[in-house]
Amino acid sequence: MPKFLIQATYTSEGTKGLLKEGASGRRAAVDQVVSGLGGTVEAMYFAFGQDDIVMIVDFPDPVSMAAVSLTVKASGALHTRATPLLTVEEIDEASRRQVAFRAPGS
């Protein structure tokens, strides 16, 4: 199942919501969204600095991740980044594939 690193920053409205319902309320909401699309939350941490939340989630496919990303961003409560995570074995497989590529100017 594809894994994704999610990094998110609350907007001021999102922060007000977090203060109102607490971290456990947000965790429950995240679990509901992710499991509703057949995924699981592997890890979820709150942070301070550039990111307010860091998560690793599993989804059955990238389209499910895209659906969540679009919906969350449309809410205006968070700014998010989703990074696909690849296993060592997947990178080994990618490194064995032949790719016909010519660098610009060569």
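Helix α1 covers residues 12–36, and both K16 and E13 sit in it, 3 residues apart, or about one turn of the helix. (Helices here are DSSP runs of H or I with at least four residues, strands are runs of E with at least two, and numbering goes from the N terminus.) The two side chains meet in a salt bridge, 3.2 Å from N to O. That term stands for a side-chain nitrogen of Lys or Arg within 4 Å of a carboxyl oxygen of Asp or Glu. Side chains of opposite charge can pair when their charged atoms come close.

A word on the model: it is predicted, so local features need pLDDT of at least 70 and side-chain atom pairs count only at pLDDT 80 or more, while totals for chains, interfaces and linings use all residues. Residues are numbered from 1 along each chain as its sequence is written, and side-chain values use heavy atoms, with hydrogens and water left out.

How many salt bridges does a search of the whole structure find? It turns up 7. Among them are these:

| Pair | N to O distance |
|---|---|
| R26 and E21 | 3.2 Å |
| R81 and D51 | 3.4 Å |

R81 lies in strand β4 (residues 78–85) and D51 in the loop between β2 (40–46) and β3 (53–58), so this pair ties together parts 30 residues apart in sequence. K3, E42 and D58 are linked in a network of salt bridges.

What about exposure? Buried means under 20% relative accessible area, exposed over 50%, and partly exposed in between (1.4 Å probe, protein chains only). D51 is buried at 11%, whereas its partner R81 is partly exposed at 36%. K16 counts as exposed at 51%, and E13 does too at 52%.
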